[in-house]
Amino acid sequence: MRKTVTGILAGIGFTLACGTSAFAQELTIFWAEWDPANYLQELVNEYEAETGVKVTVETTPWSDFQTKAFTEFNAKGSAYDMVVGDSQWIGAASEGGHYVDLTEFFNKHKLTEVMAPATVKYYAEYPANSGKYWSVPAEGDAVGWSYRKDWFEDPKEMEAFKAKYGYDLGVPKDWKQLRDIAEFFHRPDEKRYGVAIYTDNSYDALVMGVENAIFSFGGELGDYATYKVDGVVNSEQNIKALEAYKELYGFTPPGWAKSFFIEDNQAITENLAAMSMNYFAFFPALINEASNPNAKGTGFFANPPGPNGDQYAALGGQGISIVSYSQNQEEAFKFLEWFIKDETQKKWAELGGYTAHAKTLESEEFRKATPYNEAFYQTMFKVKDFWATPEYAELLIAMNQRLYPFITGDQGTAKEALDALAADWNATFKKYGRMQ
Amino acid sequence: MATAVMTTLDPKSRAASRGLSDISIRNLFIIPTIVFLIVFNIFPLLYSLGYSFTDFRASTNAPANFVGLANYRALLNDPFIWSNFAITAKYVIVSVAGQVLVGFGVAMLLNRAIPFKGLITTLLLLPMMLSMAVVGLFWKLLYNPSWGVINYVLGLGNFEWLSNPDMALYAIAITDIWMWSPFVMLLSLAGLSAVPKHLYEAAAIDRAGPFYTFFRITLPLVAPILMIAIIFRTMEAFKTFDLAYILSSQPTTEVISIRLYKMAFQEWQTGMSCALAYIVLIMVLAITNIYVKYLNKVKER
């Protein structure tokens, strides 16, 4: 009897010993469920081939990405060693102690120079201008536009457009032209509509759509260093920008009140709209004839400038961070060292990932690789982002609550909506003692 | 009394021969359930009550500070929360009333000798057996203004069911009615088939009209069981989340549980959301109590 017990115990001990040693050779990266995550899995398979360390990219749908990641963080769980977290999370995740401080790693590898400046500023640094870094820019992303080149280049359309608006039909040079073209192609009786924009208010879609207008009209959401929002978020430019966005909503296909990246790509593939706003990350599907029957007739352009020539776009994209509760932090650091190598970043771009690596971005090879890479390259140096404070989700929900009824439901005026928003945000900042 | 209800253990059974008394067998079955209830229901309930008086945020490491009734005060002063409650109330009334009308109506139709009655009843129960999320996704397609089958069949053109802020809540209620009327139908059918036939015969002899028979015989006798269906459906409709979340993101369809979800798991205002959950709990308890009182009154008759 005693022999059996000893045998079983030894067996268990042996299994555990093997288990833990095998464990150290594995890393798990958590990300949202989309194409770039598949590209990342392909990339990290090469890491396994080189080092023998198995890296798994685990994914979950976008709608519960934030909830799932923070539930794991809050429970101090070690399920994920690294997370490719959204840019807005960085305040909450760094103040909450969920991310490992990467400042030393950043300085050692001079990442502020290696990566595109905007990506360092918005994906990695928190608080603003503090010189403290929490993540390595991994997937650069911003909003751009796709359009139906075949419709735009139709001689009959070009003639009719010129007769109506007095200038040539082409890629819009500013928001005014964007509006004119949307109006021109908006023909509900032909089941053709002007434009597809973001309107989903369940996370950040609508807000990012509006940001494209606000930033290009020369507006800001607030002073991110001093938390001043009065007169900033409800400025004259922002009121005009919001009105412009609402006007575009009038040229969208029917039932366009809960649309995000899927619907906006469908607008192009299903012949619904002449132009469509979307993240660059979703453009690969549009040049693929298997997923877009109109692939040959689809073109791309960067978010156009506003009335005063300011040109910005809303930032998307994520940096890769090490989770504080991971038991494989040392391995994770080794992985990041591999990830930032020039060759790895080049390979990452080739696979379809949007690198934030400045040298790769600037290379001719990258810029010519796809019809949208040039627009992406230009945009990545002109991006702005939402608040990254730990209470960003409350700010986001307040913005959805105030803007959505105005844009889709025709309630109130742009000024009323933005004034109310400024009051909401002030109250939130007061609650968390952010105002000096 | 309790011992009279309990049957004593058969002295020849294997359990008895192992020296187990009926008391210890009872404990063996009941204690795990009670422990489970305490650990997973009662404890979190009390714990969250504690949190509702603090400014705790699960997403940070900052300690929770006691803030007294501040959360409750803030919530009850928030016009958005009140509008969420108003939306929920509207939804509950429309959807439960619809379910009772449709469910009871279908039960009346089925409560007679018709061929394939069993098969028809079973088929009618199908919607109820689907997952809420699947139903939501299906109806989203059915309602689609560009290619949805509903507009096509009804000839409504591009009518926007879900994008129209005034229509969206009704569209969700219609889906809920489609899904849960069978539940009301099933319970009503049980009630209807239990009504003694001789009452109808007596009414027929007395030349009572169909309306009189319905309101004086059928309805009062089915009322208790119908009440139970209404209680269940009201509680469920009050807590509804999946359908509204999947079908629409209109502010006019933001029922209280969606707001609660956003507050708890997007904003991570844990303390505040505990307080809101308690307000909701108290409301559901109050409404259920009214129903139960009424149910008891109906039963006494």
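In chain A, 74% of the contacts with a separation of 6 or more join residues 24 or more positions apart; two residues are in contact if their C-beta atoms, placed from the backbone, lie within 7 Å. This is a predicted model, in which local features need pLDDT of at least 70 and side-chain atom pairs count only at pLDDT 80 or more, while totals for chains, interfaces and linings use all residues. Residues are numbered from 1 along each chain as its sequence is written, and chains are lettered from A and ligands numbered from 1 in the order in which they are written.

The confidence of the predictor in each residue is given as pLDDT, from 0 to 100. Chain A has a mean pLDDT of 90, with 94% of its residues at 70 or more.

Chain A contains 20 helices and nine strands. Helices (H or I, at least four residues) and strands (E, at least two) are DSSP runs, numbered from the N terminus. Along the principal axes, the C-alpha atoms of chain A fill a box of roughly 95 × 50 × 45 Å. Of the 436 residues in chain A, 50% are buried. A residue is buried if 20 or more other C-beta atoms lie within 10 Å of its own, exposed if 12 or fewer, and partly exposed in between, with C-beta atoms placed from the backbone.

The domain assignment divides chain A into domain 1 (2–141 + 316–384) and domain 2 (143–314 + 390–431); such bounds come from an automatic or database domain assignment. The centres of domain 1 and domain 2 of chain A, taken over C-alpha atoms, are separated by 30 Å. Where they touch, domain 1 of chain A supplies 25 residues and domain 2 of chain A supplies 23 residues. On the side of domain 1 of chain A, helix 2 (35–51), helix 4, helix 18 (373–380) and strand 9 (383–384) each supply at least two residues. Helix 18 of chain A gives the most to that side, with four residues.

Chain A also touches chain B, in a contact that takes 25 residues from chain A and 22 residues from chain B. On the side of chain A, the elements giving two or more residues are helix 3 (65–74), helix 4 (90–95) and helix 19 (392–409). Helix 19 of chain A gives the most, with seven residues. This side of chain A divides into 11 nonpolar, 10 polar and four charged residues. Ala, Val, Leu, Ile, Met, Phe, Trp, Tyr, Cys and Pro count as nonpolar, Asp, Glu, Lys and Arg as charged, and the others, Gly among them, as polar.

In chain B, an unreviewed UniProt entry lists residues 85–291 as "domain: ABC transmembrane type-1". That span of chain B is 76% helix and 0% strand, and its end C-alpha atoms lie 19 Å apart. Leu123(B) lies in helix 6 (residues 117–124) of chain B. Leu123(B) counts as exposed because it has 11 C-beta neighbours inside 10 Å.

Methods. UniProt positions are given in the numbering used here, feature names are shortened, and annotations may be inferred rather than shown by experiment.
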